[in-house]
Amino acid sequence: MLRQLDRHPIRALPEAELAPFGDAFTAFRQAGMLRYRRPEDDLDLCRTGFGDNGELVIEGITSGGHRWLDIDFGVVGAQMRRATGLVGPPLERLSNRVLHLGRPPGDVHRRAFYLVRLFGNANALDIALALKGRSSGIRPVIVTPVARDLALDVGRRLELEGIPVVAAIGLLDEEAVVPLALRLAGAGIPEQRPPDALEIDEHAGTALFHRKALDLEPRHFRVLIALAREASTDRGIVPADALLEELAKSKDQDRQPQQEQVAVSISRIRAALRTAAGTSADSEGQMVRNDRQGGYALTIEKRRVFVD
């Protein structure tokens, strides 16, 4: 059913193929996830074909039947939420592809789960960033019906944005007494991060270095985000003009910033990183270096930089 749900349009299932599943088929019917396309009639018991001239030919009677069942996307999401024990605002249908399922109760990782069908390279970033925007400080986790084979660049961007994608078919709790219960305890939790990592939560407006909070004004925080995003690439350098634009976007910037304010921000960021790391200004090496062409770059290894 999950495989059929992830196709466009959602493919119906033939009753004859589902009959061998017995109690499971009955449970899916009773939950309303599968609905007969039309009332039963005598043609459902006929095996039909077409003659040489295109006329309909009734070949005989079969006990298997030919009835088809449609899959109700909204009811599938409601069943997942109920069976998994998710809480929060009621189930919300954001589009014909996206359902907000809810959050695990007492979740210290602050995750919100979304069921997304037809999730592919063409729409992955648009959907993911929209969900991140509406989650407001809560980590969105995208649940696709089956595993999706995304392009490397798309997967990398999702990773940089801190938006995990997991497949429902791989999370099914086979011991559950109700259908579509998912094992979400470890789903979408960030990988174990080193103790000296730089961890930035853009939406919450917080940053940690060596597990200690960085005390930065909003304008300097924006500059740090720009540096950290670029540090996760091989080049790592951000032009000074790009940092000036970040300062101008800050809500606590009351007038158009000047170029020297970029240097001020870099100085504040260096000081905050040193304080968190427990190093002094006289220590060898800077955690933010000047580029010869007028840009800046974090010297923190990209494997230690995380922007969520």
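**Entry 1: salt bridges.** I began with the term itself: a salt bridge is a side-chain nitrogen of Lys or Arg within 4 Å of a carboxyl oxygen of Asp or Glu. The model I searched is predicted. My search of the whole structure returned 16 salt bridges. I then looked for a network. Lys132, Arg157, Glu161 and Arg229 are linked in one.

I took the pairs in turn. Lys132 bridges to Glu161, and their closest N and O atoms are 2.9 Å apart. This pair links distant parts of the chain. Lys132 sits in helix α5 (residues 124-135), and Glu161 in helix α6 (residues 152-161), 29 residues apart. Are Lys132 and Glu161 buried or exposed? I found both of them buried.

Glu161 also meets Arg229 in a salt bridge, at 3.9 Å from N to O. Here too, distant parts of the chain are linked: Glu161 belongs to α6 and Arg229 to helix α7, 68 residues apart. I checked the accessibility of each partner. Glu161 has 7% relative accessibility, so I count Glu161 as buried. Arg229 has 27%, so Arg229 counts as partly exposed.

I noted one more pair, Glu301 with Arg303. Their closest N and O atoms are 3.4 Å apart. Glu301 is partly exposed, because its relative accessibility is 39%. Arg303 is exposed, with a relative accessible area of 54%.

Side chains of opposite charge can pair when their charged atoms come close.

**Entry 2: helix α8.** Which residues of α8 are buried? In this helix (residues 240-249), I listed Ala240, Leu243, Leu244, Glu246 and Leu247. They cover an arc of only 155° around the axis, so they lie on the same side of α8. On the other side of α8, I found Asp241, Glu245 and Lys249 exposed. An α-helix has 3.6 residues a turn, so residues three or four places apart point the same way.

What covers the buried residues of α8? The cover includes α7, β14 (238-239), α9 (259-277) and β16 (295-298).

**Entry 3: a sheet of four strands.** I traced an open sheet in the order β13-β12-β11-β17, and its pairing is mixed. β13 (212-213) and β17 (305-307) are the edge strands. Each has a single partner strand, so one side of each is left without a neighbour in the sheet. β11 (residues 198-201) and β17 run parallel and are joined by three bridges.

**Entry 4: a sheet of three strands.** I traced another open sheet, in the order β1-β5-β2, with antiparallel pairing. The edges are β1 (13-14) and β2 (34-36). Each has a single partner strand, so one side of each has no neighbour in the sheet. Two bridges pair β1 with β5 (residues 68-71) in the antiparallel sense. Opposite Pro14 I found Trp68 in β5.

Which helix lies across β2 and β5? I noted α3 (residues 23-30), running at about 80° to β2.

Definitions and conventions. Residues are numbered from 1 along each chain as its sequence is written. This is a predicted model: local features need pLDDT of at least 70, side-chain atom pairs count only at pLDDT 80 or more; totals for chains, interfaces and linings use all residues. Side-chain values use heavy atoms; hydrogens and water are left out. Two strands pair if DSSP finds at least two bridges between them. Buried means under 20% relative accessible area, exposed over 50%, partly exposed in between (1.4 Å probe, protein chains only). The arc is that of the directions from the helix axis to the C-beta atoms. Contact means heavy atoms within 4.5 Å. Axes are lines fitted to C-alpha atoms, for helices over the stretch in contact, and angles run from 0 to 180 degrees between N-to-C directions.
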